[in-house]
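Subject: Structure for you to look at

Dear colleague,

Please find below the structure that I promised to hand over, with its sequence. Once you have it open, read on for what was found in it.

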Amino acid sequence: MLTLVYPWLLLLIILPVLLQWRRPVGQSVDAPVLPIGHWLSELPGVSRRGSATPIWQKILLFVIWVLLVVAVARPQHVGEQVQLPVSGRDLMLVVDISPSMDEQDMIIQGRSINRLQAVKVVLDDFVTRRKGDRLGLILFGTQPYVQVPLTFDLETVRTLMHESGLGMAGRATAIGDAVGLAIKRLRDRPQDQRVVVLLTDGANTAGEITPDKATEIAEAAGVRLYTIGIGAESMVQRGFLGSRRVNPSRDLDEALLTRMAEQTGGRYFRARSLPELEMIYENINQLEPIELEGKFYRPVTELFVWPAGIAALLWLALLVLVPVSRTRLSRGLNGGEAARG
């Protein structure tokens, strides 16, 4: 649908006609078409005092005037009504990037990868499938920081998750501070829509807020915590004296993560391998979204550049054509005088 922001400005189209009609009979005019003032008489394309303006110049100047008036009135194309993809879910991903996540106890296609690489692989698909939800990303180690605030731009979440690196936030694990920051970012959102997915491979070893205190704050704020403990329970470690089987997840505080999830109405998941991690995020993907009334908008495309551009091109054409026509006229007059002589 085409519309004008300032339709009343179209009345200016008749202004040249009114000025031409109000001109006293027999009086010459500097600018017979455009009411832009005395200075216009000095511009190329307008006949000087005492000479008749060719009809094609009058028409062309009037067309230019109309195009400029239309451009100033700001024509727009308003598209069909579009509904924003809102399901009502505000989900904050909180991911541990402490150096312990470098443990290579995850297997993908027959090769070992570290825990953070496994998280990136699984989150890539998880984020893509959360269309309609608002996602955010918090990375933490000794200190937490917001990598991506809540947004519908899922591609940015995926990209910045892939760009995260081990140890960027310090060498310790501040679970309580990370959860506290997530709650702070969610507190202004509707209460039944706040979800935090926390993934870590260790225990709380730093921070000003204890995990239990952060859990109490989450419970009071109506934030559900889904906690994930990542890391294999057994792997073969090779050394100079041979191989031995160890538990790479011995530092994981499962009791704490279970307590945090259950106290806030969420669940605790254990990811010992990449398939288990994928299954966990598949389960979280099945969360029932809160249905909200959809928001609508109409895409608007500004079109004023077209009449303004055409007017500029016509004016340039006038700059070229008028000197040519004057030269021909001058030659004709000189030739006639020579013949009479």
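Gln 109 counts as exposed, because its relative accessibility is 79%, and the cut-off for that class is over 50%. You will find Gln 109 in the loop between strand S5 (106-108) and strand S6 (111-113), and its phi is near 55 degrees, a positive value in a residue other than glycine. Please keep in mind, here and throughout, that this is a predicted model.

Most residues other than glycine have a negative phi. Arg 74, which is not a glycine either, likewise has a positive phi, of about 55 degrees. Arg 74 belongs to the loop between helix H2 (55-72) and strand S2 (75-78), and with a relative accessible area of 28% it is partly exposed.

As for the chain as a whole, it has nine helices and 15 strands. Of its 341 residues, 41% are buried. If you take the contacts in the chain with a separation of 6 or more, 76% of them are between residues 24 or more positions apart.

Next come the salt bridges. Side chains of opposite charge can pair when their charged atoms come close.

In one of them Arg 130 pairs with Asp 133, and the closest N and O atoms are 2.5 Å apart. Is Arg 130 buried or exposed? Arg 130 is buried, with a relative accessible area of 4%, and Asp 133 is buried as well, with a relative accessible area of 6%.

Another salt bridge is formed by the side chains of Asp 212 and Arg 259, at 3.0 Å from N to O. Asp 212 lies in helix H6 (residues 211-221) and Arg 259 in helix H7 (residues 254-263), so this pair ties together parts that are 47 residues apart in sequence. Asp 212 is partly exposed, with a relative accessible area of 34%, and Arg 259, at 38% relative accessibility, also counts as partly exposed.

Arg 270 counts as buried, at 10% relative accessibility, whereas Glu 254 is partly exposed, with a relative accessible area of 31%. Salt bridges that share partners also join Asp 105, Arg 115 and Asp 201 into one network.

While you are looking at helix H7, please find Gln 263, which is in that helix and is partly exposed, with a relative accessible area of 30%. Leaving aside its neighbours within four places in sequence, Gln 263 is in contact with Thr 215, Glu 216 and Glu 219. The C-alpha atoms of Gln 263 and Leu 225 are separated by 8.5 Å, although these residues are 38 residues apart along the chain.

Lastly, there are two pairs of packed helices. Helix H5 (residues 175-186) packs with H6 at an angle of about 20 degrees, their axes being 8 Å apart, and that makes H5 roughly parallel to H6. Their crossing is left-handed. On the side of H5 the contact is made by Ile 175, Gly 176, Val 179, Gly 180 and Ile 183, and on the side of H6 by Pro 211, Ala 214, Ile 217, Ala 218 and Ala 221. Sorted by class, this contact of H5 with H6 has eight nonpolar, two polar and no charged residues.

Helix H3 (residues 115-128) and helix H4 (residues 154-162) pack at an angle of about 175 degrees, with axes 10 Å apart, which makes H3 roughly antiparallel to H4. The residues of H3 that meet H4 include Leu 116, Val 119 and Lys 120, and those of H4 include Leu 154, Val 157 and Arg 158. By class, the contact of H3 with H4 has seven nonpolar, two polar and three charged residues.

Methods
Residues numbered from 1 in each chain as written. Predicted model: local features only at pLDDT ≥ 70, side-chain atom pairs only at ≥ 80, totals over all residues. Heavy atoms only, no water. Salt bridge = Lys/Arg side-chain N within 4 Å of Asp/Glu carboxyl O. Buried < 20%, exposed > 50% of the residue type's maximum accessible area, 1.4 Å probe, protein only. Helix = DSSP H or I, 4+ residues; strand = E, 2+ residues; numbered from the N terminus. Axes fitted to C-alpha atoms, helices over the stretch in contact; angles between N-to-C directions. Parallel < 35°, antiparallel > 145°, perpendicular 65-115°, else oblique. Left-handed = near helix turned anticlockwise from the far one by under 90°. Contact = heavy atoms within 4.5 Å. Nonpolar A, V, L, I, M, F, W, Y, C, P; charged D, E, K, R; others polar.
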